[in-house]
Amino acid sequence: MYKLLFQQFLRTRACQLGLTLVLILGGISIIIGKQFLTDQGRLADQATQMQQEHIERNVKLHGDDLSLLLYYLKFALLNETDPLAGLSVGQSDLNPGVQRIRILALEGQKYDSDLVNPTKLLYGNLDLSFVIVYVFPLLVIAFMYNLFSEERESGTWQMVNVMARSKSKFLLGKLLVRFLLLAGVMLFLIGVGAVVLGVAADTAFLLFTLTALFYLIFWFALCFWVVCLRQNSNVNALVLLTIWLALVVLLPAFVNNYITNNYPLPEALSTMIKQRDGYHVKWDTSKKETMEKFYEEYPQFANYGFPSEKGYSPTWYYAMQHMGDVESREDSRAMQLKIRSREASSRMWAQVIPSMQAQLVFNEVAGTGLDDYMDFLQYMNEFHENLRLYFYPMIFSNSEVASVDWGQFTPEVFTNSNKSINWTKKLGSLVITILLFSVLSIFSVRKLI
Amino acid sequence: MRRDVLLLVARQFWTSVFKSKAIYLLLGLTLILLFYAAFSGVSYHEQNHHRIEHQQQARESWEANPDKHPHRMAHFGTFAFRLKHPLSIFDFGVESFTGNAVFLEAHKQNVVNFSEASYSTSLIRFGELSMGMILQLILPLIVFFLGYAAIVADRENGTLKILLTQGATWKEVLYGRALGLFGLSCLFYLPFVFATVALLLMESYTADVWIRLLVILASYLLYLFIVSLLTIIISVGSKTSKNALVKLLGIWLLLVVVIPRTSQAVGSFLYPTPTKLEFRGAIEEEVIQFGDSHNANDPYYNFIRDSVLEVHGVQSINELPFNYPGFQMYVGEKISTEIYVRHHKELLDQYRRQNQLTKWLALVNPYLGVKGLSMALCGTDLETYASFQHQAEAYRYELAQAMNELQIKHIRANVTSSEGKVNVVDREEWKSFPDFTYEYPTVESTLGSELLALISILLWSVVALGMMNYWARNASAL
Amino acid sequence: MLEAVNLSKKYGQKDAVVDLNLKVEKGEVFCLLGQNGAGKTTTINLFLGLLDPTSGKALVGGLDVVENKVSTNQILAYIPEVVQLYGNLSGLENLEFFSKLAGQKIASDELSKLLLEAGLQEEHHKSKLSSYSKGMRQKVGIAIALSKQAQVIFMDEPTSGLDPKATDEFTNICKSLAKNGKSIFMATHDIFNAVNVGDRVGIMNEGRLIYSSHTENIDASEMQELYLKTI
């Protein structure tokens, strides 16, 4: 029977059209993913090459003054791109993957954005996660909406009624045919993507695949329940499309607007002003005061003492710079906290909205979510401090430029390693919704005449 | 076409729709969405208050500076906070993806930072709920839902034959139903018009804003007109109501979801943009070709220095009647700014080329037409953002050069250090340099750059009417 | 009142109506018998002007339908097999709509009278059409034809699916319509009813009118025999 059901379904126009569409879009999405990874790789290469040239040139230009040289020198920090990012680009196209940092006040450099076409960002990426989250459900709907009603509308249901030993088995058979086909296509696309992008077969990839699969099953369960409510094809199509619209367009937009309004970030702007004022005002205040504050932060340097109130002093200059960060620290932390709450809040909402859950898990697994970027920024603080603490004593003691081994300063790569996968948290809510709709379907299927 | 028959058919369609409960449900849902979108729009726009506050705060600390060396002030710098256009409450456009604040200082073109998207979760990529979005995306679906069966259902059950034998012509039936459907869509549209006008009336705005609103409202009206006609056309051209529905939903997906993303992806693929490293690198490279204005021994600047010395007939810069380092920076700023502005324009042009395909596709996709037009007129498109960047950069240049001029004029010739309270300029100078103010582009320039979208909407109206007339002649009642 | 002159219609290569010649006089009821696909509905559609003939002419009130669509349209009415109309409007509202469509401005109580005349009891006038039985719907269809003051009424399978009582009621209404001078052209499967209500009966097979006779000369069982023999 399954063979015939397969044949019958494969011959429908909806099936042929739908599969062609999703294969084309899937193909495009993998190409786009590849392009994205290539760009990221190119960026990393450029950063490495540029860093070397940049240091060489500046050492040549300002080789007589270490403090002046370090005013100019930029040290690159790279955010490592997981190949999975090619499948789910997430926010990593708008948040910079590399930041070149000077040892001056960090707050003024940290948030330097990338050069991106805002219109492109608005329309969004056509990556595989988009195809899975947006397009696959549409195919599920297109394949499922008349699963039962077409039999009734064309009059074959009566026949099935009489002939089939179990009507629910017949319907489940039809369902299974459609599911196997779509799941096959989806796994095929993910597989091709993995090979093309060079994704490692690790737990992250497994989680990605399972999330995609469960998300697909969720849509099948939902559609099956709706079609078993015995409405006609038109009503089913409308109801299912409305649900799709709600799940992938309206609800995420709703939640996003809510989060944006609920956690406004004026701190972003005030951090900026405080950082500038914190540093610049020091030019006009007593040097001693500034140095005292600086030594409070770093008592290990207290032995460098206080420069004369008249004239310029590199120790004082870098202390002033650091004061910019110190005085904006509170606002900066408040901002970090709020951004983390934004992420936490959207994860909470995602527990009840499968489309959001799938997208967030994809991004998380690929390391392209907001949290990953925040981790990067947090690491940047460490990176910046390490550099400063390395150079401070040299600047303060007027060391020779030549005494530094400049070759060691290749771009640092940040790998987010402290991520553990909590399977129940990632897949639990999807499984629960699948079970819910399966149970509902069982009840409705029983009532079918 | 007889007017009374037309109205009769339209009214009958209207009353039929209102006999079912679905319409009230749809109206209710739309109103909820509208309310939420308007609320979001207003509260997004409220951020202007923060920005104005911060602009003032930044200005206060600028003015609070004591007597200082002007070059310190050039680096003290100031900020430009991007203010949202009053109409951004209606359509968010690229607003969330563009930076909101930029630090303006001498020698250095900082990027505009803190876009909403940069600290939003990836949910923002699902799209944002604005009034414009509901009208562009959701309302067409509602119109399809209300109208997909308008003709084909009557044909399926034979009522169409009665309609025609009762004396109505095809033209009257088609246009009557279209009129009824268009009327219904206007009913959904009207609350949006009221809401926007009411929100705008709460604050007083210039004529420019009202003209923009007028064009926006008119183009959405035309968009709904096109959508209504399209629904009727698909309905008359389909064999069964199921076919009509599936076709319309397919068209919706194609026009709204598939084409925009794909065309933008293709555009970006065809016209790659430089990375920030490349962009900065290329500028740095060019600037270095001239020389380093901070470096007193740079060959290019040495040449300039020697020419200046020659003109003034003196031996060293200390004998010049003005501060030479200030002059050198003045020249350097001019050169580096020219180079930056040129590169930045190239970058913008590349963005424009990336968007070109999407813009042209408006000719076959009215959704893209109305979206582009709406974003542009609401001041939330790339061009408006570019104008902000342009103005901020122009201000930055003015600021840097004003400080350089002060240095040239007021600082003694032989002074090279900017530290301390010795070589300073009166603090009143800071106050007399005006603060940054942002001017939105005028409606004329906006319409000029969105001509294609405007044409698309008008063209589609004509095409839709043409197709209606085609079916009025060729439709079959059987 | 109604005349077909060498009327033919082809769908591509397939003949639907071939060389049809027939006449229906004022006040006459003509019943066209035939199997599914015999060409009955096509004939009606040709008279209604919904199809253009391949050759020959369909005349209504002496005018060629193709050339005078507007004027011929004014004097004819059509009642389909199942009168669907607008289910969420009442019978009265449907009648009001369709009569206005025909350019008639009739007061509400006059419309009620038309419904009564068509046999629909007053208690149903204001209930939704979706609650009507098939027979009741047909009565609304007849009232619509009456409101238009049509001279010729076309009916497609009017009695299929009607119970015997409703069929009888319908037959009486048709007869009284004919008595008031209306011409009725009815396509039907129902031989008994055709003989009962029709003044004349024709049999159509594969697009050809192969038999035509007055009903005075023949009874239902003879007609059935003839029908089975000819097709």
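Helices (H or I, at least four residues) and strands (E, at least two) are taken as DSSP runs and numbered from the N terminus. The structure is a predicted model, in which local features require pLDDT of at least 70, side-chain atom pairs count only at pLDDT 80 or more, and totals for chains, interfaces and linings use all residues. Residues are numbered from 1 along each chain as its sequence is written, while chains are lettered from A and ligands numbered from 1 in the order in which they are written.

C:Asn6, located in strand S1 (residues 2-11) of chain C, has a phi near 45 degrees, a positive value in a residue other than glycine. Burial is assigned from C-beta atoms placed from the backbone: a residue is buried if 20 or more other C-beta atoms lie within 10 Å of its own, exposed if 12 or fewer, and partly exposed in between. C:Asn6 counts as exposed because it has 12 C-beta neighbours inside 10 Å. In strand S2 (residues 14-24) of chain C lies C:Asp19, which also is not a glycine and has a positive phi of about 45 degrees. C:Asp19 has 15 C-beta neighbours inside 10 Å and therefore counts as partly exposed.

Contacts between chains were then examined, two residues being in contact if their C-beta atoms, placed from the backbone, lie within 7 Å. Of the 2 pairs of chains in contact, chains A and B share the most contacts. Their contact takes 70 residues from chain B and 70 residues from chain A. Several elements of chain B each supply at least two residues of the side that touches chain A, including helix H2 (22-63), strand S1 (78-81), helix H9 (241-270) and helix H12 (324-361). H9(B) gives the most to this side, with 14 residues. For residue classes, Ala, Val, Leu, Ile, Met, Phe, Trp, Tyr, Cys and Pro count as nonpolar, Asp, Glu, Lys and Arg as charged, and the others, Gly among them, as polar. The side of chain B that touches chain A has 33 nonpolar, 26 polar and 11 charged residues.

Between chains B and C, 19 residues of chain B are in contact with 23 residues of chain C. Helix H1 (3-19) and helix H6 (159-165) of chain B each supply at least two residues of the side of chain B that touches chain C, and H6(B) gives the most, with 6 residues. This side of chain B divides into 8 nonpolar, 9 polar and 2 charged residues. No contact joins chain A and chain C, whose closest C-alpha atoms lie 17 Å apart.

Within chain A, the axes of helix H14 (residues 314-350) and helix H16 (residues 370-396) come within 12 Å and cross at roughly 165 degrees; axes are lines fitted to C-alpha atoms, for helices over the stretch in contact, and angles run from 0 to 180 degrees between N-to-C directions. H14(A) is therefore roughly antiparallel to H16(A), a term for angles over 145 degrees. Residues making the contact include A:Tyr318 and A:Arg340 of H14(A) and A:Asp371 and A:Phe396 of H16(A). By class, this contact has 8 nonpolar, 2 polar and 4 charged residues.

Elsewhere in chain A, A:Gln35 is found in helix H2 (residues 13-61). A:Gln35 is partly exposed, with 15 other C-beta atoms within 10 Å. The C-alpha atoms of A:Gln35 and A:Leu197, 162 residues apart along the chain, are separated by 9.6 Å.

Technical notes:
Angles under 35 degrees count as roughly parallel, over 145 as roughly antiparallel, 65 to 115 as roughly perpendicular and the rest as oblique.
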